[in-house]
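Have the viewer open as you read.

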Amino acid sequence: MKYMGDIMSSVPALNGDGLRKSGRMKICHLGNYGKNIGDNAALYNIRQFYPKSIEWISCDLGKFHERRNDFGLVSAMIKELNSTCDAFLIGGGGMIQGGVCNRLLTGWNLPFNEKTLALIDKPIICFGLGVNLFRGMAGLSELGVANLRLLIDKSALFSVRNDGSRETLEKYGSINQIIDKVLEVPDPGLIFASQKDRKSVVKKGFFQPAKNGHPKINKHRNMSDDTRVFLERFCIDNSLISMPHTSKDFNFFINKMGAKDLVKNWREFKPWLHLLSEERYLDSLGCYRELDYCVAMRGHGQLISCGLNVPSISLSTQDKVFDFAMKNGYKDYVVDTYDQNDWKETLVKKTEALRNSKNYLSEWYDINEANLKIWRKEFLEFVDATKVTLCIND
């Protein structure tokens, strides 16, 4: 596997071709903005490692989805961005998606195909993209795979996050043929300026839920009404408040047991919306900084807790959550709803162990703090490679 440490000697410097010779460099930063605390962290965390002189142009992927990635409708947007910006940076976040995105006219989540890529003559950097597939849903379509390969070939640097995304891409034959061009980097949601100190005991925790708008996805998450009632009871028994990452997460609990006041969102919905901005995104992570531990369902719930050194149990309903845990040494701190018949009992026991077993808690910290050192080094190596490619001087 090709990691960042292997590539610095072969980074493609672009000699400044197409880059601004004077004035502020402008980078078009494509991602999902203002909808998900996790995506916001993955996007905005990247920017802190570049000079403040760079002007970031936030380009929301939703604007392309409104036009179904139709070339006739999005070509003017891409031409304008290409003419006004010096480079394109895509990610982070789960930007490689199939499922319902296969219905878009490019055959996948992103608005790129042969025609749209031909409109771009500025360098493209793909930064820690996630392959975000859902159980029970279709993977990448044949057209989507073909267009993903075109993006990989067009990119000056192409990287995916360290949650099994690269291994998933290897399963697609035409991508596997060029897999050496696909680098693996830590998800930007793992990299923060500071982390919490380890605690000898954790007492106050929170639950980070995951609700999807598609019934089939919720079904294959094994999130039946009975399961959600169980998780409501689990939160009551463990005095866990709820930490939504998306607006859909506010509706995770059925509230059959009158737990509305106990299982309470740490922010009400309207104030929460105001946190989804670059200026306030760090405030949106208040639960991670203010409380001791978490039980996380979403991928970035899992990743941010690790990045901030907050002990966590991952409740996996997606392969990416389970794969990250197994790939990075957290096999004893993940519970999967898919193939564990006794997962509810296991979740209760692991959560209790995190609070009551000093050894279990200490081992989580040992694993995580060792990972943080490695992740930061690999992340900064990739940042340095992008700076070489884009001729950016600190």
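Is E66 buried or exposed? At 59% relative accessibility, E66 counts as exposed; here buried means under 20% relative accessible area, exposed over 50%, and partly exposed in between (1.4 Å probe, protein chains only).

A bit of housekeeping. This is a predicted model, so local features need pLDDT of at least 70 and side-chain atom pairs count only at pLDDT 80 or more, while totals for chains, interfaces and linings use all residues. Residues are numbered from 1 along each chain as its sequence is written, and side-chain values use heavy atoms, with hydrogens and water left out.

**Salt bridges**

Searching the whole structure turns up 23 salt bridges, where a salt bridge is a side-chain nitrogen of Lys or Arg within 4 Å of a carboxyl oxygen of Asp or Glu. Here are some of them, with N to O distances:

| Pair | N to O distance |
|---|---|
| E66 and R67 | 3.7 Å |
| R166 and E170 | 3.4 Å |
| R198 and E369 | 2.9 Å |

E66 has R67 as its partner, and R67 is partly exposed with a relative accessible area of 29%. In the R166 and E170 pair, R166 is buried at 2% relative accessible area, whereas E170 is partly exposed at 30%.

Then there's R198, bridged to E369. This pair ties together distant parts of the chain, 171 residues apart: R198 sits in the loop between β7 (182–185) and β8 (205–208), and E369 belongs to helix α15 (residues 358–390). Helices (H or I, at least four residues) and strands (E, at least two) are DSSP runs numbered from the N terminus. R198 is partly exposed at 37% relative accessible area, and E369 is partly exposed at 25%.

Salt bridges can also join up: R135, D319 and D336 are linked in a network of them.

**A look at R228**

R228 is part of helix α9 (residues 225–237) and is buried, with a relative accessible area of 13%. A polar atom of its side chain lies 2.7 Å from the backbone oxygen of F252. Setting aside neighbours within four places in sequence, R228 is in contact (heavy atoms within 4.5 Å) with K211, M223, N251, F252, F253 and I254.

**Cavities**

Rolling a probe the size of a water molecule over the atoms shows where empty space is left. On a 1 Å grid over the protein atoms alone, a cavity is a set of points where a 1.4 Å probe fits but cannot get out, and lining residues have an atom within 4 Å of a point. Grid points are joined across faces, edges and corners, and a volume is the space filled by probe spheres set on the points.

The whole structure has three cavities of 30 Å³ or more. The largest holds about 50 Å³ of space, and its lining includes C28, L30, F64, I78 and F112. Both β1 (26–31) and α3 (71–84) supply at least two residues of that lining.

What kinds of residue line the largest cavity? Nine are nonpolar, with no polar and no charged ones. Ala, Val, Leu, Ile, Met, Phe, Trp, Tyr, Cys and Pro count as nonpolar, Asp, Glu, Lys and Arg as charged, and the others, Gly among them, as polar.

The second largest cavity has a volume of about 40 Å³. Lining it are R161, D163, G299, Q302, L303, K320, V321 and F324, with α12 (299–307) and α13 (319–327) each giving two or more residues. That lining divides into three nonpolar, two polar and three charged residues.

Key:
Polar contact = N/O pair within 3.5 Å; in protein donor to acceptor, adjacent residues only side chain to side chain. 1 Å grid on protein atoms, 1.4 Å probe; cavity = no way out; pocket = protein on both sides within 12 Å on 5 of 7 lines; lining within 4 Å.
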